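Welcome! Here is a friendly look at a ligand and its surroundings, followed by a brief visit to one residue.

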Amino acid sequence: MAFALSEERDRELRQLLERYPTKAAACIPLLHLCQDQAGYIGDEVIEFVAHRLDLPPAHVKGVVTFYSLFNQHPVGKHQVWVCRTLPCALRGAEDVIKQCEKKLGIHIGETTANGKVTLRTAECLASCGTAPMMQVDKEYFENLTHDRVDEILSRLMESKR
Amino acid sequence: MIRRTDFLTKNYGVPNGWSLSVYEKTGGYEAAKKALAMTREAVVDEAKKANLRGRGGAGFPMGVKWSFMRPHPTKPAYLVINADEGEPGTHKDRTLMELNPHSVVEGCIIGCYGIGAHVAYIYVRDELHLSKARLWGAIDEARAKGYLGKTPFGKDYPVEIYVHTGAGAYICGEETALLNSLEGKRGEPRLKPPFPAQAGAFGCPTTVNNLETIAAVPTIFTIGGEEFSKYSSLHYLNDGGVRLFGINGHVKKPGVHELAVGVTIRELVEDIGGGVLGGRRILGVIPGGSSTPILRADEKVNAPDEKSPLHPWHGKSVLDVPLGVDTMRGIGTMLGTCCVTVLAEGTCPVLAMHNLMQFYRHESCGQCTPCREGGAWLLGTVEKILDGHGTMADLNTLTDVANNIMGNTICAFGEGTAMPALGFIGKFRKDFVAYINGERKRSDARLTIS
Ligand SMILES: Cc1cc2nc3c(=O)[nH]c(=O)nc-3n(C[C@H](O)[C@H](O)[C@H](O)COP(=O)(O)O)c2cc1C
Ligand code: SF4
Ligand code: FES
């Protein structure tokens with residue numbers, strides 16, 4: 001089925017288009033809007049974005065595949081990203097990763113069987129002074145301890161959404 | 001010498017410190033009023049006097065960069081702010097966006113006026129949702145007051161500021177990759193020339209400034225460019241002012257602090273960072289983000305020539321050299337983003353290099369063969385050595401591959417990969433050899449210390 005933005009997001013798109021001298025410049029922000037709605041960027045979304053911004057679908061596809069935050073396939077409802085880069089690794093990121101894998105019963109890159117949580121590693125998220133850290137959806141959790149990670153993941157698994 | 005200041009950080013920790021009312025209580029937006037009453041030329045001159053070396057990593061003087069902007073007969077000019085903050089070990093710009101976003105907005109108003117632009121785009125990496133929200137909040141507040149829009153502070157010089165978001169790609173911090181990304185393309189760096197000042201965003205004259213660089217601009221116009229510069233003990237090297245210093249890794253108190261330029265790494269680690277975790281000794285220090293080669297604690301400055309800018313520190317430990325653009329270059333590394341990563345004794349440098357090579361392998365945009373293939377070779381070869389399958393020939397391969405990246409790529413990401421690799425191999429050769437000889441095993445290697 002063809003993809004369409006919700007009314008509110010469509011309004012956001014119109015605001016976006018006013019900010020730039022070209023339509024193409026809205027490509028990445030629009031892809032974010034679409035992903036917020038659909039969860040991932042499938043072919044219908046690519047067609048939609050290409051059509052709305054007068055771009056070749058191949059251009060849009062090229063953009064989607066370049067950036068690591070665009071999901072090309074369905075993912076869990078919630079995204080857990082644990083930073084693995086050196087400054088976090090110096091302060092225990094490896095243990096956080098292992099703890100997440102154990103607690104969620106999945107490996108890095110996988111989604112829990114109930115479709116709730118996708119676990120991934122991230123490269124430096126600009127929180128090296130408060131390492132180790134992880135991002136859950138749009139929120140940062142810093143200065144992580146074993147108990148804190150446990151609590152965050154429990155809350156996530158039990159959440160209604 | 002440590003000299004603490006709080007031009008940018010005075011409202012860190014204050015309730016609603018990011019709001020317009022708090023910002024204005026301490027003189028906020030007076031600098032913009034003042035600057036907009038000056039001529040554009042005078043604004044650029046004042047900026048030059050500040051000797052503010054770009055805070056994004058390359059250390060180019062901000063005022064000089066502004067002076068490259070020439071009015072174009074048909075094309076508009078743009079100010080683009082780089083808030084992609086992705087260099088491993090760098091965590092300073094984010095604090096400004098979250099805790100002092102109005103300094104960014106005010107800096108953008110002055111910057112736009114100085115370079116002849118009417119629109120500024122702030123490119124923020126997507127993950128920083130709170131930063132984006134705080135910036136938008138500040139923009140909305142400033143617009144409601146009439147500080148942005150058609151006539152900022154009553155002056156007929158329209159200024160608009162927009163926040164633009166990336167989508168997870170470290171390379172978009174490179175300024176021309178950032179411009180491509182802003183234009184809705186893959187974030188692939190462009191061949192230079194043309195430089196952004198000639199053909200930048202949308203093919204128009206553009207200045208790209210780091211977020212901290214632009215946030216410091218109101219301070220310059222509040223206290224005066226020369227006064228600003230003189231805070232630094234490296235003022236005489238045209239490396240002026242105050243800046244944010246980050247400290248992370250194996251220290252007792254990691255964090256971000258505003259200090260006058262000129263502190264040493266040792267002062268940062270011992271006095272600001274509270275010393276090394278567990279009272280250990282320092283193994284090495286990465287001075288300003290993972291692309292800057294590591295320094296060993298036992299390295300000494302070798303500058304017998306009295307004319308050398310480093311001569312005053314001849315024979316001293318590199319950790320006692322002030323953190324400056326030219327001083328760090330003089331000891332074979334780079335100042336970079338001025339956020340220091342400390343590795344304590346007991347950490348395995350081979351494993352540390354392996355961690356970073358994973359990063360570079362992941363983040364190469366893939367346009368240039370030496371970077372795309374070289375990054376993979378570097379990672380694969382360290383992995384082989386770590387796993388106990390390495391030979392002395394592999395150690396030479398690492399050096400060869402890194403040397404072949406240097407100078408052979410479109411953008412500085414190539415050097416950013418090769419230089420730290422060469423740093424680890426050159427300075428910790430014995431550790432690599434220990435794996436090759438079978439004296440050390442990966443299972444015993446640690447990055448954390450207890
Ligand atoms: C691979 C690479 C990544 C970079 N990442 C950033 C970054 O995240 N933030 C930044 O301000 N500058 C970054 N830079 C430097 C920019 O290209 C540019 O020099 C800087 O934004 C200019 O601002 P400044 O002169 O105010 O420092 C990066 C450079 C390279 C080569
Ligand atoms: S050096 Fe690497 S990151 Fe830079 S343009 Fe070439 S391939 Fe891309
Ligand atoms: S290394 Fe994890 S946030 Fe920087």
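## Contacts with ligand 1

Arg55(B) has a polar backbone atom 3.3 Å from an oxygen atom of ligand 1. Another ligand oxygen contact involves Gly56(B), whose backbone N or O atom lies 2.7 Å away. At Gly173(B), a polar backbone atom is 3.2 Å from a nitrogen atom of ligand 1. The protein buries 89% of the 610 Å² that ligand 1 exposes when taken alone; such areas come from the Shrake-Rupley method with a 1.4 Å probe.

This is a predicted model, in which local features need pLDDT of at least 70 and side-chain atom pairs count only at pLDDT 80 or more, while totals for chains, interfaces and linings use all residues. Residues are numbered from 1 along each chain as its sequence is written, chains are lettered from A and ligands numbered from 1 in the order in which they are written, and side-chain values use heavy atoms, leaving out hydrogens and water.

## The shell around the ligand

Ligand 1 is surrounded by 19 residues (each with a heavy atom within 4 Å). Among the closest are Lys65(B), Asn82(B) and Thr213(B). By class, this shell holds 5 nonpolar, 8 polar and 6 charged residues. Strand S4 of chain B, residues 206–210, gives the most to the shell, with 3 residues.

## A look at Glu270(B)

Glu270(B) belongs to helix H12 of chain B, residues 265–272. From Glu270(B) to His72(B), 198 residues apart along the chain, the C-alpha atoms are separated by 51 Å.

Note on methods: Polar contact = N/O pair within 3.5 Å; in protein donor to acceptor, adjacent residues only side chain to side chain. Helix = DSSP H or I, 4+ residues; strand = E, 2+ residues; numbered from the N terminus. Nonpolar A, V, L, I, M, F, W, Y, C, P; charged D, E, K, R; others polar.
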